[in-house]
Amino acid sequence: MSQIHHSTDKLQLTELLHQAVSDKNTAYIQELLKGLVPEEIAEILEATPPKERNQLWTALPPDLQGEILGHTNDEVRTRLLSLLKADEIIELTETLETDDIADIVQSMPEKDKAELLEKLPEQERIAVQTALSYPEDTAGGLMSTDFIAVRSDVTLEVVIRLLRKIGALPKDMVDLIVRDRNGKYQGALKLNDLLTHDPETEVSELVDTERFAIKALTPAKDVASVFEKNDLVSIAVVDERNHVLGRITIDDIVDIIREEAERTQMASAGLDDEEDLFAPPLRSAKRRSFWLGINLIAASLAATVISLFEASIEEIVALAVLMPMVASMGGVAGTQTSTIVIRALATGKLGAKNRQKLITKETLVGVLNGSFWCFVTGTAAWLWFDNVFLGIIFGTAMLINLTAAALAGAIIPLALNKMKIDPALATGLMLTTVTDSLGFFVFLGLATMVLTV
């Protein structure tokens, strides 16, 4: 089996699986999947058309299905859950952590959620309901209640007896959460200290108070930033009164980073990263029509600006040749600036105190680039069309549009972010509208005033 995995890439493996599904060769399907981790199987399911996906899903071992569901996107997860009965869903959640069970519950129809929760063991049900009470994109929505907490006023011997009684440690656990008698977070006890110190030593003497906890309502992207900056493997989650609720582990953070990258990439084209790759054409068309309509409105605005100077364009054909260059250069300059601003917002480097300085800096960059390309393009247009006035107009329009594009590229994402609109989703469209319309207006307007008088 290992030879198959090493000698074939993921696409080839997917194609082999599709063929095995078509041949209804269950034994070969299971052989191909042997050795793959749940994340890889989830990616293969997402890349498989619905009919074959359903057949492949039923061929998967039940003890793997739950973990695989935790790594599929929302739409695919919902479709796969619809193939299972309530008892089967309960069975596949038995080995899952709280956060993964909560993801599954959120993907179920409302009428089925209550039924599923009722069938969960009481302690697990309470934990899942706690996780569901927080927004999905917060620390509370990400956390798992699969953790071990000890009191600070007990000895290490008591802690060791507790661990022996539990029998198995949660995954990615490198320390124990320490809390007081009232359940309030105090710090962490490293497993290394637990094993190397005298059993009669009290936990309070070894607790690492530097290990901070994170509030349950902290946004997911801020949680990811905390992990990155502090090189964490896990972190405790607390409520507003500092009571311990659960913990978040590094595997959840890796998923957040990947999902955020995919979401940003898809959002820049007005698409949903949770959409099934093989969703019905009509549904996909409906989702995309909205942004196509918005783009049509933006393009119509630019076309309207051009139509205002139709007579000038007919009289001086060179204008039609040169005007796309003005808009294109402005678009690139604006995109460069907006990318920097969006990234700074996403990484928490840009706030109220330093945004004005960044706007000023990016505008100055626009002026400097505009001045340089004003000279280059103006000279080129003069030599090309043997018209010094056309060269001056073209260069001036380039300077104005590059400066305005840099300013717009900084302001638009900041404005969208302040209005709680994802800058990655709408900045590109708004910026293109500004640079195209302004570029055409400035260039054609100056040409009309100077050359057609």
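## Basis of the values

The model is predicted: local features need pLDDT of at least 70, side-chain atom pairs count only at pLDDT 80 or more, and totals for chains, interfaces and linings use all residues. Residues are numbered from 1 along each chain as its sequence is written, and side-chain values use heavy atoms, with hydrogens and water left out.

## Nonpolar cores

The largest nonpolar core has 34 residues. A nonpolar core is a set of buried Ala, Val, Leu, Ile, Met, Phe, Trp, Tyr and Cys residues joined through side-chain atoms within 4.5 Å; buried means under 20% relative accessible area, exposed over 50% and partly exposed in between (1.4 Å probe, protein chains only). The members that touch the most others are Leu 17, Ile 29, Leu 33, Leu 45, Leu 56, Trp 57 and Ile 104.

Leaving aside residues up to four places away in sequence, Leu 17 is in contact (heavy atoms within 4.5 Å) with Ile 29, Leu 32, Leu 33, Ile 44 and Leu 56. A second, separate core comprises 26 residues, among them Met 323, Ile 393, Met 398 and Leu 451.

## Aromatic pairs

The whole structure holds four aromatic pairs. Rings of Phe, Tyr and Trp (its six-membered ring) pair if their centres lie within 6.5 Å; planes under 30 degrees apart count as stacked, over 60 as edge-to-face and the rest as tilted. Phe 309 and Phe 441 form an edge-to-face pair, because their ring centres are 6.0 Å apart and their planes stand at 65°. Phe 309 lies in the loop between helix H18 (281–307) and helix H19 (310–315), and Phe 441 in helix H23 (residues 423–451), so this pair ties together parts 132 residues apart in sequence. Helices (H or I, at least four residues) and strands (E, at least two) are DSSP runs, numbered from the N terminus. Phe 309 is buried at a relative accessible area of 11%, whereas Phe 441 is partly exposed at 46%.

The rings of Phe 394 and Phe 443 are also edge-to-face, because their centres are 5.6 Å apart and their planes are at 65°. Phe 394 belongs to helix H22 (residues 388–418) and Phe 443 to helix H23, so the pair ties together parts that are 49 residues apart in sequence. Both Phe 394 and Phe 443 are buried.

## Ser 152

Ser 152 is placed in the loop between strand E1 (149–151) and helix H13 (156–166). Ser 152 counts as buried because its relative accessibility is 12%. Beyond residues up to four places away in sequence, Ser 152 touches Val 178, Arg 179, Gln 186, Glu 202, Val 203 and Ser 204.

## Cavity and pocket

On a 1 Å grid over the protein atoms alone, a cavity is a set of points where a 1.4 Å probe fits but cannot get out, and a pocket is an open set with protein on both sides within 12 Å along at least five of seven lines; lining residues have an atom within 4 Å of a point. Of its 15 lining residues, Asp 175, Ile 177, Arg 211, Ser 234 and Ala 236 lie nearest the centre. Strands E2 (175–179), E3 (185–190) and E5 (234–238) each supply at least two lining residues.

The second largest pocket holds about 400 Å³ of space and is lined by 17 residues, with Gln 123, Ala 127, Thr 145, Asp 146 and Phe 147 nearest its centre. Helix H11 gives the most to this lining, with four residues.

Notes
Grid points are joined across faces, edges and corners, and a volume is the space filled by probe spheres set on the points.
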